[in-house]
Amino acid sequence: MREHRVRDSAGSLTDLPMSPDEDRQRRFRTYFWMMVVRVAAFGVFFIVPDWWKLIPAALAVFLPFFAVVVANVSTRPTTDGLEAPNALPPGPSAAASAPPETGGAAPRGDVL
């Protein structure tokens with residue numbers, strides 16, 4: 001019965017996230033192909049007549065922004081909630097360790 005619980009809690013190789021190198025390559029390929037489309041839009045700009053030029057021109061102007069945004073999206077999970085396994089527990093806060101104030105005004109250090 002104990003072996004069954006261990007098997008259920010163990011992770012699978014297919015559950016692992018993409019390696020950083022594979023993630024970087026995927027993002028590079030995505031950016032590369034979007035830039036190929038941009039260069040093609042420049043080529044089409046010189047072929048199409050009249051107001052049709054606006055479509056490839058808009059594509060060539062706005063595609064780099066979207067390419068950078070899409071290429072910067074990583075599939076790696078963020079580490080916001082994780083902490084080191086040997087991290088020290090949080091200590092007392094500065095407010096809790098400060099000495100209690102005496103009543104009245106705070107002492108200024110000069111004597112009258």
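**Confidence and aromatic contacts in the predicted model**

The protein chain has an average pLDDT (the predictor's confidence in each residue, from 0 to 100) of 76, and 61% of its residues score at least 70. Confidence is highest in helix 2 (residues 20-45), with a mean of 92, and lowest in helix 1 (residues 2-9), with a mean of 52; helices are DSSP runs of H or I, at least four residues long, numbered from the N terminus. The model is predicted: local features need pLDDT of at least 70 and side-chain atom pairs count only at pLDDT 80 or more, while totals for chains, interfaces and linings use all residues. Residues are numbered from 1 along each chain as its sequence is written, and side-chain values use heavy atoms, with hydrogens and water left out.

Five aromatic pairs are found in a search of the whole structure (rings of Phe, Tyr and Trp, the last by its six-membered ring, with centres within 6.5 Å; planes under 30 degrees apart are stacked, over 60 edge-to-face and the rest tilted). Among them, Phe32 and Trp33 are edge-to-face because their ring planes stand at 75 degrees, with centres 5.2 Å apart. Trp51 and Trp52 form a stacked pair, since their planes lie at 25 degrees, with a centre separation of 4.5 Å. Phe32 and Trp33 also belong to one aromatic cluster with Phe28.

Relative accessible area was computed for these residues (buried, under 20%; exposed, over 50%; partly exposed, in between; 1.4 Å probe, protein chains only). Trp33 is exposed at 53%, whereas Phe32 is partly exposed at 40%.

Key: Helix = DSSP H or I, 4+ residues; strand = E, 2+ residues; numbered from the N terminus.
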